Every structure is written in C-alpha cells, then in structure tokens.
Amino acid sequence: MGFKPFLEGGIAAIIAGALTHPLDLIKVRMQLQGEHSFPHDQNPNPILNLDHNLPVKPYQPVFALDSLIGSISLLPNSSIHARSSFTRSVTTPFAVGAHIVKNEGPSALFSGVSATVLRQMLYSATRMGIYDFLKRRWTDRLTGNFPLVTKITAGLIAGAIGSAVGNPADVAMVRMQADGGLPLNRRRNYKSVVDALERIVRQEGVSSLWRGSWLTVNRAMIVTASQLATYDHVKEILIAGGRGTPGGIGTHVAASFAAGIVAAVASNPIDVVKTRMMNADKENYGGPLDCALKTVAEEGPMALYKGFVPTVTRQGPFTMILFITLEQIRGVLKDVKF
C-alpha cells in the first residue's frame, strides 16, 4: 500500500472541503432546526401560539420566511410568534446563509473550517487511499475489469475505516458549525479545532470524541460507496461509449456530478441523525434509532431530509472539485514514486 494515493486524496479533499465549507455549515444549521434537545420548561425561547396563548413544540428555526399558511416574524430575542396556528418555519439555504452573515458576520460562514481541514486530512485521505489500494488489488489484471459490486464493496470498507479515523474531527466540526445558531448561554465558543478537541476530552471524556461514531461509520460507508463507485462507473461508461476520454475535464465533471447527486440522496437521512447526536452536549438520545424516531415523531418523516438542498448544492460542487483536483494531482505526481 503506497502513500501517494493517501496524499493525493488528502490534498484534493482539503481543497474541496475548504471551498465548500459555507455550504456544509448551512446544511448543518438546517439539519438542527426543530431539534428538541432540552425540556420545554428549560427552553429559553419557547414558541407561543398567540391565538391560544399556549406553548407549542419548541421548533428553533435559524431563519423563517413568510408563508402562504402563516406569517411569522423573527424577533430580536429569537422568539417566533405567529398570527395563526402556524408553528413551522419555511427556510431556504440562501435565507439561512443570509441570516448567518447578517447576525454573525461573513466570517461565520467559515466557522469550524480548521476542523474541516483536519477531518479531510484524516477521513478523506484514509478512505480514498484505501479505496485506491483495494481497486488496484481487486481489478482483473487481464481484462482490467472492476465490477460495480466490487467497487461498492471497496467503498464500504474504505468509508468505514476512514470514518473511524476522522470521527473526532467530525464531532469538533459539527459543534463549531452549529455554535452560532445556539442561544448565547449554550454556545461553546471553541477557538479552534485543537481547543475544541481539548475541551471535549476534558469536559466530556475521550469517548465523546467518538459520539455518533456508529452513524459516522454508516454514513461514510454509504457516501464513499455511492460517491467513489458512481464516479468510477460513470466515467467508465462514458469512455466506453465514446462520450468521454480518460483525461477529459468534461468526463470528470459529468462523472463527479452524478456521484455527488447519488451520494447526497443516499446519505442525507443518516447525516441528519449523525449531526444531531454529535451536537448534543450529553446523550439526549438513547441511540441512533431513538434519535431518528424522535425526529420523525416531533417533526415528521421529511425531517430526515432537512438540509437536503444544501446537501446537494454542497455535495455536487464538493465532489466535482474533489475529483477534478484529484485527477490533476494524479497527473502531476504520476511519475513520482513514494
């Protein structure tokens, strides 16, 4: 197993991750909307139905827009009041991003970027290096055939190992991204990914760095299998059909775009549960299944697809940048051996 595939994958992933970090942050904020992470009587900003003057579910939208079924307004203290029985927010990635910039400043869009860089160094470099190793081992030497099922298997294995290595950075990244959306008395205000990791270990124990690791592993397996396998398979189909060339940018763009869409659709539900479990200060859920069931019970089945639009808009560009950059790096380092 050579070191070069790990280096190539790590560099490409760091570039892609840093450039698409604001989209990932917006996705995390949207996925945490409506989370009932503390009892209602402890909710600093309960939502009131003014028609009945009774508390309702403590949904905590990051931003809300007028809707056809209820008009709502974002007040200075972040409490939301409705002129009807309307209790849910209507959000868009653009609205969430605009709200973040307005209330936290443009730099807030890059909150947790140091954790993203560390995560890509650990998680993506590992998964892409192992996938490349398995691909070379399992490709038929005579025919050059690497079946789709084998690609998926290699992706599942690579994703599992990579996620286990990168989980601590993932926990820090989620918390740093979510911090600005929390009430002031609940913010952690981590200074950097190093500070985040140190404080998490000191305050919650080393094991908390692997909080949600079961979900991280499962998500990474799904993402890696769908992303890398789809990219390789679509690229092979395009080349075999005469609609692309091995080194063509158009081929890389088309294959990576397809890979990003497939990965986003497959991974979003488990990503929502993972984000919520990682963001919790302590175990508010009995496990991934408990988290998923509570989310669906309180917010409906489509809550598992919260942040889907930013997931797609992030996963698409991320995957495209990742593979296009990776192909260029491979071209530069093709004659280098280490």
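A salt bridge is taken here as a side-chain nitrogen of Lys or Arg within 4 Å of a carboxyl oxygen of Asp or Glu. The model is a predicted one, in which local features need pLDDT of at least 70 and side-chain atom pairs count only at pLDDT 80 or more, while totals for chains, interfaces and linings use all residues. Residues are numbered from 1 along each chain as its sequence is written, and side-chain values use heavy atoms, with hydrogens and water left out.

By the salt-bridge rule the count comes to 18. One of them joins the side chains of Arg330 and Asp132, at 3.8 Å from N to O. Because Arg330 lies in helix α10 and Asp132 in helix α4, this pair ties together parts that are 198 residues apart in sequence; helices are DSSP runs of H or I with at least four residues, numbered from the N terminus. Asp132 also forms a salt bridge with Arg136, where the closest N and O atoms are 2.9 Å apart, and these two residues, four apart in helix α4 (residues 113-138), are separated by about one helical turn. Asp132 counts as buried at 15% relative accessibility, whereas Arg136 is partly exposed at 45%; buried means under 20% relative accessible area, exposed over 50% and partly exposed in between, with a 1.4 Å probe and protein chains only.

A further salt bridge links the side chains of Arg219 and Asp271, at 2.8 Å from N to O. Arg219 lies in helix α7 (residues 213-240) and Asp271 in helix α8, so the pair ties together parts that are 52 residues apart in sequence.

Helix α8 itself deserves a look along its axis. A kink of about 50 degrees lies at Asn268 in α8, shortly before the proline Pro269, the bend at a residue being the angle between axes fitted to the seven residues ending there and the seven starting there.

The structure holds three aromatic pairs, and in one of them the rings of Tyr305 and Phe308 have their centres 5.5 Å apart and their planes at 70 degrees, so the pair is edge-to-face. Rings of Phe, Tyr and Trp (its six-membered ring) pair if their centres lie within 6.5 Å, and planes under 30 degrees apart count as stacked, over 60 as edge-to-face and the rest as tilted. Tyr305 is partly exposed, with a relative accessible area of 31%, and Phe308 is likewise partly exposed, at 26%.
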